[in-house]
Amino acid sequence: MLAARTGAAGSQISEENPKLRKQSVFAVGGKDKSPKKASENVKDGSPSASGQSQLRARQLALLREVEMNWYLKLCDLSTEQTTACVTGMPHRNLGKSGLRVSCLGLGTWVTFGGQISDEVAERLMTIAYESGVNLFDTAEVYAAGKAETILGSIIKKKGWRRSSLVITTKLYWGGKAETERGLSRKHIIEEIVRAMTHVINQGMAMYWGTSRWSAMEIMEAYSVARQFNMIPPVCEQAEYHLFQREKVEVQLPELYHKIGVGAVTWSPLACGIISGKYGNGVPESSRASLKCYQWLKERIVSEEGRKQQNKLKDLSPIAERLGCTLPQLAVAWCLRNEGVSSVLLGSSTPEQLIENLGAIQVLPKMTSHVVTEIDNILRNKPYSKKDYRS
């Protein structure tokens, strides 16, 4: 999968700083036929827009189940033999496209080609794959391109069927020269939407999306695609965790219902802040102790950072009651949002990845009561226009 980044010409960016990452994203999969959206204007007494959406979702789920059972019977297989059943990994549609992705994916930012060795990278991918993960995310800028190379080499070495994987990558900051970065005609043909459509039509990717784009930018890309009979984006890759909620919980749901754009979220542990390792300061062996992560250290030791650590301490009893760790609770909290197609995990050790994958077992325990408890501690739940009207 290929990705493209957008930004001001001539500006500089550090791949270590997530605040500055802004890019377009591709995803590989089958061709999609997006379902028509439910009408937003309903008369008094008729089901609400959310009720119609839930009904439509149930109908689509039932249809997928019927189609899957028919296909399995045709191939002389059973549901017990599918990856989702064997591993217990739930799969969701990427937005309103037909592409099915594991609700947990593996990211390669910082780790592949940098923080970990190639051997550890292979071990992490093996654990993820055997756990039912089919979504692997990278970018051309990660470790100056090494992350993409390592990812591809491991897939080739393991002999995994390419059709069983969804590989996403991002582009924009590809090199130091002016002609090696950006989204100009020299870099990837012409404007973003036209370029993405060309890449898909050439068979180099099956879907494309955006990363760290505003709702207005995504809507503009969709409008351009529709106006000139081109292919619109199907997802937005956004930061989402206990302390970063506005975009995924307020802006993206509206885009999903209007134009079918789904959410692939990253940094569920807020660059390790939610892991609990920074409760008593910055350990010497941690990422925040590195010179290139001074911005992360400043965030942790700030007044806001100390408040966040206190809130994490208040969340610990909830995690203990649910029989999970704080990181597992944080990842499951992200997954409880039905608008999230997949959550990208970033792990530097097999033990950490196995722990985070365990969030799948916590997801059924994320009842409305538990979510309300968490909201009462965080006190940062964003409100949409719908909330204000009600």
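Predicted model: local features only at pLDDT ≥ 70, side-chain atom pairs only at ≥ 80, totals over all residues.
In this structure, helix α11 passes helix α15 in a right-handed crossing, where right-handed means that the near helix is turned clockwise from the far one by less than a right angle, and left-handed that it is turned anticlockwise. Residues are numbered from 1 along each chain as its sequence is written, and side-chain values use heavy atoms, with hydrogens and water left out.

Back to the two helices: α11 covers residues 303-322 and α15 residues 368-378, and they pack at an angle of about 165° with their axes 9 Å apart. That makes α11 roughly antiparallel to α15, a label given to angles over 145 degrees, whereas those under 35 count as roughly parallel, 65 to 115 as roughly perpendicular and the rest as oblique. The axes are lines fitted to C-alpha atoms, for helices over the stretch in contact, and the angles run from 0 to 180 degrees between N-to-C directions; helices themselves are DSSP runs of H or I with at least four residues, numbered from the N terminus.

On the α11 side, Lys311, Asp314, Leu315, Ile318, Arg321 and Leu322 meet Val370, Glu373, Ile374, Ile377 and Leu378 of α15, contact being heavy atoms within 4.5 Å. By class, this contact has 7 nonpolar, no polar and 4 charged residues.

Helix α11 also holds Gln308, which at 11% relative accessibility counts as buried, that is, under 20% relative accessible area, with exposed meaning over 50% and partly exposed in between, for a 1.4 Å probe and protein chains only. Not counting residues up to four places away in sequence, Gln308 touches Phe243 and Ile273.

Leaving aside neighbours within four places in sequence, Gln251 is in contact with Ala215 and Glu246, and its C-alpha atom is separated by 9.7 Å from that of Met216, 35 residues apart along the chain.

Finally, helix α7, residues 192-201, has 7 of its 10 residues buried, so it is largely enclosed by the rest of the structure; the buried ones are Ile192, Val193, Ala195, Met196, Thr197, Val199 and Ile200. Just after α7, Gly203 takes a positive phi of about 80°.

Conventions: Nonpolar A, V, L, I, M, F, W, Y, C, P; charged D, E, K, R; others polar.
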